[in-house]
Amino acid sequence: MMNTRWLLTWLLAAAITIGGWLAFEIYWRDQGYRPTVMDSMDLWSLNRARAVKSAPPLRVALLGASRIQYGLSPAVFRDEARAINLDADPIMLAVNGHYPLAALRDLAMDEKFTGLAIVGIDSRGMDKRVWDMQEKHVRQYHHDWSPSREVHRRLLTYAQQHAIAARPDFAAVTLGKRMLDHQGPPYKDYVTFDRDRAGGTDYRKSDIAAIRNARVADLRKYYPLYTPPTPEAWLSDSREVVQWVEKINARGGKVVIYREPVSGEHIELDEANFPRASYWDKLAAIMPALMLDFRDYPALNIDTPDTSHIDIKDIDRHTRALLRILRLKGVL
């Protein structure tokens, strides 16, 4: 009799828990929220570890900042490569808001990396002052990444794919604090992430005019505060990057330096401060890698609603266009 009572107690507790969770999910989904994977340094490390696994498949490290992370689809890249009989494993290592040269340097120094590195970057990102922006991700991978963290991150990723409750901004303490502070419900972000760390910006869910104006205003403030180096100093510093690329080439790998689509005031300000003829083209003359500028390829001239990022609806088209050009250039 006692065992039956305990069983009924546990069943009732389970029913209440599951019922509460379902009610929570239904309520917030009715408010327009959806599950999304939350990016983290552990998720970056999980992908970084894949980049040095033995080939095949061809390991394709996608390096960059938000324009790569929100602009390329590893899944589409993989499928399109398969259509041309190429077994490829695209690995998203871009980090929003962080230029990628620390990650490129890390792959260059890792003898196990023999794949293809596609580096999304502009001339400003080649400025030595921003080389270390992703260094904290590199350090976390080399010093803190472990099998136990991998298990935890894999389980967390699965939960976040399917449940709003797994998002940190929907934790009970966070929601309670927002309520007490009269902050209202969590922010409805127009950027979402998948388990492969690829994101997407859905501008239908945002105030695009406000986002565009803020981005341009930030760029106008940035350049007067951080005067570009002279073309001579910039190119001299970049010779170290050339050495990293040579290390990858010597192991049978390849590197592509890709200037991703931007538009409007963004490209105007970039060109005013880092004129292509004085910076990018000078580096292209000595870089032992394919250097692509979106302006040279009509298929890569894709609309960027906020002047800096393509819309989620154009990610697949952008990915296919880039892959076709890489194939025509003999990279794939």
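Predicted model: local features only at pLDDT ≥ 70, side-chain atom pairs only at ≥ 80, totals over all residues.
Residues are numbered from 1 along each chain as its sequence is written. Local features need pLDDT of at least 70 and side-chain atom pairs count only at pLDDT 80 or more, while totals for chains, interfaces and linings use all residues; side-chain values use heavy atoms, with hydrogens and water left out.

**View 1. Helix α10 and its bend at R239.** Take a look along α10, a helix of 20 residues (231-250) that reaches 28 Å from its first C-alpha to its last, close to the 28 Å expected at 1.5 Å a residue. Helices here are DSSP runs of H or I with at least four residues, strands are runs of E with at least two, and both are numbered from the N terminus. The expected span is 1.5 Å times one less than the number of residues. At R239 the helix bends by about 25°, the angle between axes fitted to the seven residues ending there and the seven starting there. Just after α10, G252 has a positive phi of about 95°.

**View 2. The buried residues of α10.** Buried means under 20% relative accessible area (1.4 Å probe, protein chains only). Among the buried residues are W234, W244 and I248. The buried residues of α10 pack against α5 (101-109), β6 (254-259) and α12 (280-284).

**View 3. V262 in the loop between β6 and α11 (264-273).** V262 counts as buried because its relative accessibility is 5%. Leaving out residues up to four places away in sequence, V262 touches R67, I267, F294, T304, T307 and S308, with contact meaning heavy atoms within 4.5 Å. V262 and R67 lie 195 residues apart in sequence, yet 8.9 Å apart in space, C-alpha to C-alpha.

How values were computed: Buried < 20%, exposed > 50% of the residue type's maximum accessible area, 1.4 Å probe, protein only.
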